[in-house]
Amino acid sequence: MNVNTIELNRARQSLEDYDEIWLFGYGSLIYKVDFPYLEKSPAYIQGWARRFWQGSHDHRGTPEKPGRVATLIKQSNARCDGMAYRVTEGVFEHLDHREKNGYLRHEVSIMLVKENGQIIKKRGLIYIADEDNEAYLGETSEQQIACQIAASCGPSGENSEYLIALDQALTDLGADDQHVKNISAYLTQLLADKPS
Ligand code: SIN
């Protein structure tokens, strides 16, 4: 499957009118930081919920057997915790390539949570894979999601590693995400039951 969003993202928004560019990560961008940044801060966004509803054909699965990775869905009272990075424009060359399987850059208000508890609002960017992209898998039960994750593997490794690393990163941030926790609990059970 080729749902390449690189060109779409390049044309998407001008970054020239940003004094500072903040990027909010809520999935692998929290724990796999393979890009340079100027500063980072725990942060959250409002009105979005993290869901394992996006297919991964290029990182954590294959076109024949896609894995499942995180995207965001609109939910009015939701809060999604993650990590914000202040970056330069050049970073998007790499990130657009990394997030090319259906993710589009969107503008959003990012709330930085400083060590003293102060909240600072910044205008920034996030990558979202919405239901219109071809790789989108959509909603199913958390148990089904865990089964698919347990069975998937791609060029970036086991799909289970993605979930385990995200769950750990959210715990380290002190973030409470019941969706991730539930899938993680099912996955732990599945891996324990797996014959070695
Ligand atoms: C993100 O982490 O913010 C986007 C989704 C991903 O790369 O896992």
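The model is predicted. The ligand sits in the largest pocket.

**Shell around the ligand**
- The residues around the ligand are F24, G25, Y26, G27, S28, L29, A70, E99, Y103 and Y162.
- By class, the shell holds six nonpolar residues, three polar ones and one charged residue.
- Two elements, β1 (21-25) and α2 (28-31), each supply at least two residues of this shell.

- On the backbone side, a polar atom of Y26 is 2.9 Å from an oxygen atom of the ligand.
- A backbone N or O atom of G27 lies 2.8 Å from a ligand oxygen.
- E99 uses its side chain: one of its N or O atoms is 2.9 Å from an oxygen atom of the ligand.

**The largest pocket**
- The space in the largest pocket is about 400 Å³.
- The lining has 26 residues, and S28, H59, R98, E99 and Y162 are the closest to the pocket centre.
- Elements giving two or more residues to the lining are β1, α2, β2 (39-56), β3 (67-87) and α3 (91-98).
- The lining divides into nine nonpolar, ten polar and seven charged residues.

**Residues in both lists**
- S28, E99 and Y162 are among the residues around the ligand, and S28, E99 and Y162 are also among those closest to the centre of the largest pocket.
- β1 and α2 supply the ligand shell, and β1 and α2 also contribute to the pocket lining.

Methods:
Residues numbered from 1 in each chain as written. Predicted model: local features only at pLDDT ≥ 70, side-chain atom pairs only at ≥ 80, totals over all residues. Heavy atoms only, no water. Near = heavy atom within 4 Å. Polar contact = N/O pair within 3.5 Å; in protein donor to acceptor, adjacent residues only side chain to side chain. 1 Å grid on protein atoms, 1.4 Å probe; cavity = no way out; pocket = protein on both sides within 12 Å on 5 of 7 lines; lining within 4 Å. Sits in = over half its atoms within 2 Å of the grid points. Helix = DSSP H or I, 4+ residues; strand = E, 2+ residues; numbered from the N terminus. Nonpolar A, V, L, I, M, F, W, Y, C, P; charged D, E, K, R; others polar. Points joined across faces, edges and corners; volume = space filled by probe spheres on them.
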